Amino acid sequence: DDDPDTFQLEPMFTDRIFELADKLDHFKRPLESNLKNIAKMGDKTFHWEDSDAKSEITFNFSTDPSAKALWDCFESMTDSQRAFLELKRTVRHDKLGVNDALNKITDLWTGLRLVGTPQFLPLFDRVAGDDTYIHLARERAAELAEAVRAWSAK
C-alpha cells in the first residue's frame with residue numbers, strides 16, 4: 001500500500017509484549033496444553049526474530065499464563081486498531097454511525113483493552129467540537145478524550 005494505515009502503541013504496552021516473549025523463551029518451547037476435550041479454537045502462532053535467532057510456535061490452547069497474556073495483548077491490539085479505523089471511517093462518511101463506533105471504543109476502554117490511545121485523541125476532539133454530530137456522540141467523545149488525557153498524564 002502506498003499510504004498504509006499505521007497504529008502506534010504506547011511504550012509501556014510494547015515493553016509488556018517483549019517481557020512476555022522473554023518469559024516464553026522467545027517461543028523455543030512448546031506452549032500447547034495437550035489437554036483432552038479442548039475445543040479447536042484456531043491455531044495461534046508466535047514468531048520471534050532477533051538478528052540470527054528465529055523461533056516460532058503454533059498452538060491451539062495453552063495453560064501457560066504468559067502465553068495467554070501475550071495472546072490477549074495481540075487481541076487488544078487488533079480490537080483497538082479495528083475500533084480506530086471504524087471511528088475514522090464513520091467520522092468521515094457516516095455521522096450517525098459515530099456514536100456506535102464510540103460505544104465500541106468505550107467498551108474497550110472500560111474493559112482495559114484499548115491500546116494506542118493517543119492517536120484516538122484528534123478524532124475524539126473533532127467529534128466533541130463539531131455540532132454536526134449528535135449530542136450523545138459529542139459528549140461521549142469528550143469523555144473519552146478526557147479519560148485518555150488523564151491516563152496519559154500518569
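These legends accompany several close-up views of one predicted model.

**View 1. The largest pocket and the residues around its centre.** This pocket has a volume of about 380 Å³. Of the 15 residues that line the pocket, F13, L112, R113, L114 and V115 are the closest to its centre. Two elements, α1 (11-23) and α2 (65-93), each give two or more residues to the lining. The largest share comes from α2, which supplies 4 residues.

**View 2. L112, one of the residues closest to the centre of the largest pocket.** L112 sits in the loop between α3 and α4. Its phi is near 55°, a positive value in a residue other than glycine. Is L112 buried or exposed? With a relative accessible area of 78%, L112 is exposed.

**View 3. H26, a non-glycine residue with positive phi.** You will find H26 in the loop between α1 and β1. The phi of H26 is about 55°.

**View 4. The largest nonpolar core.** This core has 39 residues, and F46, L87, L102 and F124 are those that touch the most other members. Which elements give two or more residues to this core? They are the helices α1, α2, α3 (98-110), α4 (121-128) and α5 (135-152), together with the strands β1 (44-50) and β2 (53-59). The element that gives the most is α2, with 8 residues.

**View 5. F124 and its contacts.** Zooming in on one of the core residues that touch the most other members, we come to F124. Not counting residues up to four places away in sequence, F124 touches L87, L102, I105, A141, L144, A145 and V148. Two of these partners, L87 and L102, are also named with F124 among the residues that touch the most other core members.

**View 6. The buried side of helix α4.** Which residues of α4 are buried? They are L121, L123, F124 and V127. These residues lie on the same side of α4, because they cover an arc of only 165° around the axis. What covers them includes α2, α3 and α5.

**View 7. N99, a buried residue of helix α3.** This view turns to an asparagine within a helix. N99 lies in α3, and its relative accessible area is 9%, so N99 counts as buried, the cut-off being under 20%. Leaving aside neighbours within four places in sequence, N99 is in contact with I134, L136, A137 and R140.

**View 8. Two residue pairs for a sense of scale.** The pair E19 and V127 brings together a residue of helix α1 and a buried residue of α4. E19 is partly exposed, with a relative accessible area of 37%. From C-alpha to C-alpha, E19 and V127 are 36 Å apart in space, and they are 108 residues apart in sequence. K154 counts as exposed, at 82% relative accessibility. Along the sequence, K154 and F124 are 30 residues apart, and in space their C-alpha atoms are 20 Å apart.

How values were computed: Residues are numbered from 1 along each chain as its sequence is written. This is a predicted model: local features need pLDDT of at least 70, side-chain atom pairs count only at pLDDT 80 or more; totals for chains, interfaces and linings use all residues. Side-chain values use heavy atoms; hydrogens and water are left out. On a 1 Å grid over the protein atoms alone, a cavity is a set of points where a 1.4 Å probe fits but cannot get out, and a pocket is an open set with protein on both sides within 12 Å along at least five of seven lines; lining residues have an atom within 4 Å of a point. Grid points are joined across faces, edges and corners, and a volume is the space filled by probe spheres set on the points. A nonpolar core is a set of buried Ala, Val, Leu, Ile, Met, Phe, Trp, Tyr and Cys residues joined through side-chain atoms within 4.5 Å. Buried means under 20% relative accessible area, exposed over 50%, partly exposed in between (1.4 Å probe, protein chains only). Contact means heavy atoms within 4.5 Å. The arc is that of the directions from the helix axis to the C-beta atoms.
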